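Open the model in your viewer and keep the sequence panel handy.

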Amino acid sequence: MLSFLTHYLQQKTRLNDVEIESPGTQKLISPSYGQLRKHVIELQRQKETGEQQLRNRLTALNAWLNFIGATDEDTIGDEFGPKFLKTLDRFFDFQTDSGLADRTVRDRLEFLSQWKAAFDEMGFID
């Protein structure tokens, strides 16, 4: 199962590991996890996603933050960039070893891939 998810996520993130500069001297910068959280909540509410599904997505993000030792105030780093797949593999092992149901672990991995996609699409400018 993990190899399938890893392959799936590699396809989605392959182009996103490139540093992009906008015209002039402005560069894309990383938002904080709190900014990402607000962005996704707003998008989900615009799409009228059910509250339970939104809570499940937030639970996955909270589990990720606890795992990497980050808070909403922290800037998103390499764990959502070039180190995403390695960090996700370690997160998978941690979640599995914690005794969570296989379905819960799979759902959290899928939600994290959605958080990563939302981060990639944000394109914050300094």
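Start by selecting H3 and H5, which are roughly perpendicular to each other. Their axes cross at roughly 85° and come within 9 Å, and any angle from 65 to 115 degrees counts as roughly perpendicular. Bear in mind as you look that this is a predicted model.

Next, show the side chains where the two helices meet. On the H3 side, pick Asn56, Arg57, Leu58, Thr59, Ala60, Leu61, Ala63 and Trp64. Their partners in H5 are Arg108, Phe111, Leu112, Gln114 and Trp115.

Now zoom out to the whole chain. How many helices and strands does the protein chain have? There are five helices and zero strands, giving the pattern α-α-α-α-α along the sequence. Colour by burial and you will find that 37% of the 126 residues are buried. Of the contacts between residues at least 6 apart in sequence, 76% join residues at least 24 apart.

Is Glu79 buried or exposed? Glu79 is buried, and yet this residue has no salt bridge. Lys83 is the nearest side chain of opposite charge, 7.8 Å away. What does the Glu79 side chain make a polar contact with? The partner is the side chain of Tyr33, at 2.5 Å. Leaving aside residues up to four places away in sequence, display what Glu79 touches: Tyr33, Trp64, Ile68, Phe84 and Thr87.

Note on methods
Residues are numbered from 1 along each chain as its sequence is written. This is a predicted model: local features need pLDDT of at least 70, side-chain atom pairs count only at pLDDT 80 or more; totals for chains, interfaces and linings use all residues. Side-chain values use heavy atoms; hydrogens and water are left out. Buried means under 20% relative accessible area, exposed over 50%, partly exposed in between (1.4 Å probe, protein chains only). Lys and Arg count as positive and Asp and Glu as negative; His and the chain ends are not counted. A salt bridge is a side-chain nitrogen of Lys or Arg within 4 Å of a carboxyl oxygen of Asp or Glu. A polar contact is a pair of N or O atoms within 3.5 Å; within protein, one must be able to donate a hydrogen and the other to accept it, and residues adjacent in sequence count only if both atoms are side-chain atoms. Contact means heavy atoms within 4.5 Å. Axes are lines fitted to C-alpha atoms, for helices over the stretch in contact, and angles run from 0 to 180 degrees between N-to-C directions. Helices (H or I, at least four residues) and strands (E, at least two) are DSSP runs, numbered from the N terminus. Angles under 35 degrees count as roughly parallel, over 145 as roughly antiparallel, 65 to 115 as roughly perpendicular and the rest as oblique.
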